[in-house]
Amino acid sequence: MTLLRRRLWGALLLSVLTAISFVPVEAATTSKSGSTTSVQSSSKTTRTGTKPRRRSRRAPPPGGVYARHAVVFDPATGEMLYEKNAAISVPIASLSKLMTTMVFLEQEPYLDRRVEVTRAELQGAGRTQLRNHEKLTLDDLLHMSLMASDNVATRVLVRESGLAAEDFLARMNRKSVELGLAHTRFVEFTGLDERNVSTAADCAKLLRAAAENPRIQEIMTTRSYEFRSATRPHFVANTNRLLYGRYEIRAGKTGFISEAGYCLATWVHTQGRDLIAVVLGAPTAATRFADVVRLVQRTTSPTVSSTR
């Protein structure tokens, strides 16, 4: 084969190989480009053609409430209509003040008497409107204790009860026995100590007993209270949010310390019926109220049977 012919064959072979190798690369490039365009178009459609999904609200756990302990109690018959871990003793925080105010009022104090706040009551008591040496009436302090869970106000009430602190505490525990609260015990007056313990079932009975006192019931159902101490005005809002809702509330008390979680005992009148609902150990402040609403709805619904 001549040199010229070999060169012609070589050139032809090179052209064929170049064409063969070029076609797949182009096809691949086109395919990749088409895929990219398709993805971008799809992504654009997702962003503009559909609305983002809203996060669905988590359903309540089995038993109907998020709180660790709960009851629904019929105050007329004494029947427990719903129970969740209702017999376990746990910290009850400021629900303790129900017993404190009952024992205080049993001493028949003159509620218009002005008394002075001291540094001893302020020490370690948490948030309060009160100041050292401020003077206000026992009735004002009673409102602050029951409506706003004020620990300073509660301590002053105990100090001004005419009883020594140990005697006052002994009466609180003795009254628990008298009321049949077998799993309830107090070691101090405010509920700041986690050793103040009770059960959801006992707390329902405690609220019923406290509400039998007209003065306690009136204060517990007061939405807001204004007064003036010797030096300045005060405004107290009730921490029981159910007072601002659709139900008729006949009594109620909130509580919280970290060991107890969020607690609520409340007496609801609905559909011609009285119910006391208690939740202990709810995870948030709002949850305790939502739990009670769910319990009331569950109990009054004709299609839902009570859970024991």
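1. Of the 308 residues, 45% are buried (buried means under 20% relative accessible area, exposed over 50%, partly exposed in between, with a 1.4 Å probe and protein chains only).

2. The model being predicted, local features need pLDDT of at least 70 and side-chain atom pairs count only at pLDDT 80 or more, whereas totals for chains, interfaces and linings use all residues. Residues are numbered from 1 along each chain as its sequence is written, and side-chain values use heavy atoms, with hydrogens and water left out.

3. The protein has nine helices and eleven strands. Helices (H or I, at least four residues) and strands (E, at least two) are DSSP runs, numbered from the N terminus. Among contacts with a separation of 6 or more, 61% join residues 24 or more positions apart; contact means heavy atoms within 4.5 Å.

4. Helix α2 (residues 96-106) is mostly covered, with ten of its eleven residues buried. Among the buried residues are S96, K97, T100, T101 and F104. The cover over the buried residues of α2 includes α4, α5, α6 (165-178), α7, α8 (214-220) and β9.

5. The axes of α2 and α7 (residues 200-211) come within 10 Å and cross at roughly 35°. Axes are lines fitted to C-alpha atoms, for helices over the stretch in contact, and angles run from 0 to 180 degrees between N-to-C directions. The crossing of α2 past α7 is left-handed, a term used if the near helix is turned anticlockwise from the far one by less than a right angle.

6. At this contact, L98, M99 and M102 of α2 meet L206, L207, A209 and A210 of α7. The residues of the contact divide into seven nonpolar, no polar and no charged. Here Ala, Val, Leu, Ile, Met, Phe, Trp, Tyr, Cys and Pro count as nonpolar, Asp, Glu, Lys and Arg as charged, and the others, Gly among them, as polar.

7. Five strands form an open sheet in the order β2-β1-β11-β10-β9, with antiparallel pairing; two strands pair if DSSP finds at least two bridges between them. β2 (80-84) and β9 (248-257) are the edge strands, each pairing on one side only. From one strand to the next the twist averages 5°.

8. β9 pairs with β10 (residues 261-270) in the antiparallel sense over nine bridges, and K253 stands opposite A265 in β10. α7 packs on the sheet, touching β1 (69-73), β2, β9, β10 and β11 (273-282), and its direction makes about 45° with that of β1. Helix α9 (residues 285-300) also packs on the sheet, touching β1, β2, β9, β10 and β11, with a direction about 140° from that of β11.

9. Most residues other than glycine have a negative phi. S149, not a glycine, has a positive phi of about 55°; S149 lies in the loop between α4 (138-148) and α5 (151-159). S149 is buried, at a relative accessible area of 16%.

10. Q271 likewise has a positive phi of about 55° although not a glycine. Q271 sits in the loop between β10 and β11 and is exposed, with a relative accessible area of 65%. E108, which follows α2, has a positive phi near 50°.
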